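Please open the structure in your viewer and keep the selection tool at hand. The tour below moves from one selection to the next and says what is found at each stop.

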Amino acid sequence: MSDVKSRQIKGEAPMSSPRQGFSMGRTVLFSAVWALVAGLAASLCATLVMGLLRLLAGIPTPVEMFGDYVLKHISVAQFIGLLIRYGSNAKTAPLGQALLAMIAVGTALGCLYALLVWIRLPTRGYRPARREWLVALAFALLMTLTGVILFWKELPQNFLGWPFEMARTLSIVGMLCDFGVYGAVLCLGYRALLPKYSAPNGDRVVARRRQLLARSGVVALGVGAGLGTFGSIQKLLDNYTAYDGMKTSFPNHTDYPITPNNDHYVVTQNPVDPSIDINLWRLEVGGLVNKPGTYTYEELQKLPSTARAITLECIANGPGGHLMGNAVWHGVPLRTLIEQQGGTQPGAKYIAFYCADGYNTSLPQQEVLEADPLLAWNMNGVDLPKRHGYPLRVLIPGRYGEENPKWLTRIEFVGDFVQGLYSSQGWYNGVLRTTSRFNQPFAGNVFQVGQLVPMVGIAFAGNRGIQRVEVSVDGGTTWKEAKLDPALSKDSWVFWRMDWRPTRAGTYTLAVRATDGTGEVQTGRKQNTVPNGSTGYHIVTVTVA
């Protein structure tokens, strides 16, 4: 094959027309500029596909999986530092920055693509050569492979509730679509943007118009994709979890034995929580169990079930805090489900729970079963609200809220501990600590000498129960036992009450402490860091005039 014919096949200017060829410097400059434009257009198109797949199929975006990956590879101190740094934008700002960084990387990769395909300018035609398609395909496959390797543990999540392995498959297919679109647009866009060779006898006006239309088309595609991406993000943020970190309602400094669903505290890791399609959702039971199985929502509800009051407390709930609530949950005991599966095998030492949003946690099997956990589909007489884990969540009495996962899709019995978000960061993962607090009086109250002051509050020690509550009116020097109301269940908080009649004026430091069912007295020492769990006395300062 002649050199001229070869160059024509590659779309390059013929050697016989040296005046039409660009210098090396000019070729590099034009190639770099148009490669960046093509890379930007390709990145915006890929982000649009990511947004559409997230909206329509519940497939997590690479940006979200990257966020999950990073969170598992930072320490507690770094995590809390990020929360403080970003404040109310602690979820949206980092994800937004990650998205912009991804677009920037995709834009820059356009230059690498241009270098690998290296086309002498000006070029002929708008159809990419085989070599260009192969490089674009290699980009797509390498990006997908990198994502699969990096996010392997994050892949089995789906915000519509697809089962574990199907969710992983869909996530991989989603990345192939994302990066496949990126490669295709980069290949076609770069070829369309490059300066074209005009034959001496050709119609140069028509050629220039065609070049202008091609470039305008690439720019319009990028702008349209950018606007579409913005729209898809706005659509997702219509369901933004602004309720994250919401404390249990405390009207008039009063707690109710049963916390209404809308008033119960909520903590979530997600900017947008799963919207489960119950027709897709399944609960899988696998691992070291004698009869692995899968349940639909209806099949699960046909199993023997029960209801009981269980109090939930967030690990970040400090002394006197209100990241704590009590509800009546209805569902199937985990023991019953295990019996349905023929029991566990001898090597099973831990139970790992996996959720639709990618969250997972694992706990020692013996400790979990001793707590008699519940797989609940009902909260206070109604289906689980979306923010509380519809269609199914785990309630493990005696454990902080982060170990009571929501949107459950899989239970796996394993021989070794499985790292999750909180355990990877180094949070405390033992039994919750005994806590107590004043509801009334509260800081700043002013009373009169001889006035009867009702003191009321709650105490909680998980499934250990509360044996005694004591109150001090002199900063912990002396203690007097309060009266306890009957607990709604062994797993719920208890209300205490005591009357006090001050006999002299002054400032009083009131303190409360509880003793759990094992006889262990609540410690008055505050932990230095939140990850150790809530502890310390709740202290209230009041004035008597």
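Begin by selecting Q522, which counts as buried at 4% relative accessibility, where buried means under 20% relative accessible area, exposed means over 50% and partly exposed lies in between, computed with a 1.4 Å probe on protein chains only. Before going further, note that this is a predicted model, in which local features need pLDDT of at least 70 and side-chain atom pairs count only at pLDDT 80 or more, while totals for chains, interfaces and linings use all residues. Residues are numbered from 1 along each chain as its sequence is written, and side-chain values use heavy atoms, with hydrogens and water left out.

Q522 sits in the loop between strand 18 and strand 19 (538–544); helices (H or I, at least four residues) and strands (E, at least two) are DSSP runs, numbered from the N terminus. Show the side chains of Q522 and S436, and you will find them joined by a polar contact of 2.8 Å. A polar contact is a pair of N or O atoms within 3.5 Å; within protein, one must be able to donate a hydrogen and the other to accept it, and residues adjacent in sequence count only if both atoms are side-chain atoms. If you leave aside neighbours within four places in sequence, the residues in contact with Q522 (heavy atoms within 4.5 Å) include T434, T435, V512, R513 and Y537.

Select R513 next, which belongs to strand 18 (residues 506–516) and is buried, at 17% relative accessibility. Not counting residues up to four places away in sequence, R513 touches S436, R468, V469, E470, W479, V521, Q522 and Y537.

**Helix 7 against helix 8**

Now select helix 7 (residues 164–193) and helix 8 (residues 204–237), whose axes come within 8 Å and cross at roughly 145 degrees. These axes are lines fitted to C-alpha atoms, for helices over the stretch in contact, and the angles run from 0 to 180 degrees between N-to-C directions. Which residues in helix 7 and helix 8 meet? On the helix 7 side they are V185, G189, A192 and L193, and on the helix 8 side Q211, A214, R215, V218 and L221. By class, this contact has 6 nonpolar, 2 polar and 1 charged residues, where Ala, Val, Leu, Ile, Met, Phe, Trp, Tyr, Cys and Pro count as nonpolar, Asp, Glu, Lys and Arg as charged, and the others, Gly among them, as polar.

**The cores**

Colour Y113, F139, Y182, L186 and Y190, which have the most contacts inside the largest nonpolar core, a set of 41 residues. A nonpolar core is a set of buried Ala, Val, Leu, Ile, Met, Phe, Trp, Tyr and Cys residues joined through side-chain atoms within 4.5 Å. Helix 2 (24–57), helix 3 (62–71), helix 5 (92–117), helix 6 (130–150), helix 7 and helix 8 each supply at least two residues of this core. A second, separate core has 30 residues, among them I276, L363, L369 and W377.

Move to Q157, in the loop between helix 6 and helix 7. Is Q157 buried or exposed? Q157 is buried, because its relative accessible area is 1%. The side chain of Q157 reaches the backbone oxygen of E154 at 2.8 Å. L36, in helix 2, is by contrast partly exposed, at 37% relative accessibility, and, leaving out residues up to four places away in sequence, touches T107, A108 and C111.

**Backbone stops**

Most residues other than glycine have a negative phi, and most peptide bonds are trans. A cis peptide bond joins L121 and P122, with omega about -5 degrees, and P122 lies in the loop between helix 5 and helix 6. Another cis peptide bond, also with omega about -5 degrees, joins Q440 and P441. Finish with W407, which has a positive phi of about 55 degrees although it is not a glycine; W407 is in the loop between strand 9 (393–395) and strand 10 (408–414) and is buried, with a relative accessible area of 2%.
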